[in-house]
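Please open the model in your viewer and keep the selection tool ready. Each stop below says what to select and what is there.

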Amino acid sequence: MIPVFLLLIAPLILIQEFWGHGIWGDFASSWPGGAYAFAATVGACVPLAFAAFVAPLTRMDWKAGKLRSLAWALGSLPGLGAGYLIAGVISATWRPKRRQDWSYGCYSRGGPCWVHVEYPYLWAVGLLATLATTALIITALVMYVRATRTTPPSTSEP
């Protein structure tokens, strides 16, 4: 159980260690609209990656065809990879709980601790973008289901 956990958490730690400062220090601040717009983009990508992961899995039917179901399962892997990448980008903004544990690299300009000082409502923008995109996806699904639902013709005669 512990090796599986380490295998799942390792990509998040690697993204945070090697890309965290570059993503939130350089890339996010130069994003059109600044770091808040980048946080909104990342937040909007969360439900999209989840949908890209789940949508192929809903098409699986092991009784109808094992090979086809396996292909749908493999088709969900890009969504899983995108989800891990997005989780790594989000985790790169986490800062240590105690301030004395903040290293110079964490609190220097461009570090993940600096992002929270410069942009204090970064988390709220990302969360609102996630909720808004989720609402749009659910609305689109409801509209799609209503459009594809066929109403049986009336069989009663006057």
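**Whole chain**

This is a predicted model. Start with a cartoon view of everything. The chain has seven helices and zero strands. From the N terminus on, the order of elements reads α-α-α-α-α-α-α. Now colour by burial. Of the 158 residues, 27% are buried.

**Helix H2**

Select residues 34-58. This is helix H2, with 25 residues. From first C-alpha to last, H2 reaches 37 Å, close to the 36 Å expected at 1.5 Å a residue. Next, show the side chains that H2 buries. Among them are Phe 38, Ala 39, Val 42, Ala 44 and Ala 49. Gly 34, Gly 43, Pro 47 and Pro 56 are also on the list of buried H2 residues. What covers them? The cover includes helix H1 (2-30), H3, H4 and helix H7 (122-148).

**Helix H4**

Select residues 77-91 for helix H4. Its 15 residues should span 21 Å at 1.5 Å a residue, and its end C-alpha atoms are 21 Å apart, so the two values agree. The buried residues of H4 are Gly 79, Ile 86, Gly 88, Val 89 and Ser 91. They pack against H1 and H2.

**The nonpolar core**

Stay inside and show Trp 24, Phe 38, Val 89 and Leu 122. In the largest nonpolar core, which has 15 residues, these four touch the most other members. H1, H2, H4 and helix H6 (112-118) each supply at least two residues of this core. H2 gives the largest share, five residues. In soluble globular proteins, nonpolar side chains tend to be buried together.

Zoom in on Val 89. What does Val 89 touch, beyond residues up to four places away in sequence? Its partners are Ile 15, Ile 23, Trp 24, Phe 38 and Val 42.

**Two pairs across the sequence**

Select Ile 9, which is in helix H1. Is Ile 9 buried, partly exposed or exposed? Ile 9 counts as partly exposed because its relative accessible area is 27%, between the 20% and 50% cut-offs. Ile 9 and Tyr 84 are 75 residues apart in sequence, yet 9.4 Å apart in space, C-alpha to C-alpha.

Now move to Tyr 121, in the loop between H6 and H7. Tyr 121 counts as exposed because its relative accessible area is 55%, over the 50% cut-off.

**The nonpolar patch**

Select Trp 62, Leu 67, Leu 70, Leu 74, Leu 77 and Leu 80. Together they make a nonpolar surface patch of about 620 Å². Helix H3 (66-75) and helix H4 (77-91) are the elements that give two or more residues to this patch. H3 gives the most, with three residues.

Centre on Leu 70, in helix H3. Leu 70 is partly exposed, with a relative accessible area of 42%.

Terms used: Residues numbered from 1 in each chain as written. Predicted model: local features only at pLDDT ≥ 70, side-chain atom pairs only at ≥ 80, totals over all residues. Heavy atoms only, no water. Patch = residues over 30% accessible without salt bridge, like charges linked within 9 Å, V, L, I, M, F, W, Y side chains within 5 Å. Areas by Shrake-Rupley, 256 points an atom, 1.4 Å probe, with all protein chains shown as cover. Salt bridge = Lys/Arg side-chain N within 4 Å of Asp/Glu carboxyl O. Helix = DSSP H or I, 4+ residues; strand = E, 2+ residues; numbered from the N terminus. Buried < 20%, exposed > 50% of the residue type's maximum accessible area, 1.4 Å probe, protein only. Expected span 1.5 Å × (residues − 1). Contact = heavy atoms within 4.5 Å. Core = buried A, V, L, I, M, F, W, Y, C linked by side-chain atoms within 4.5 Å.
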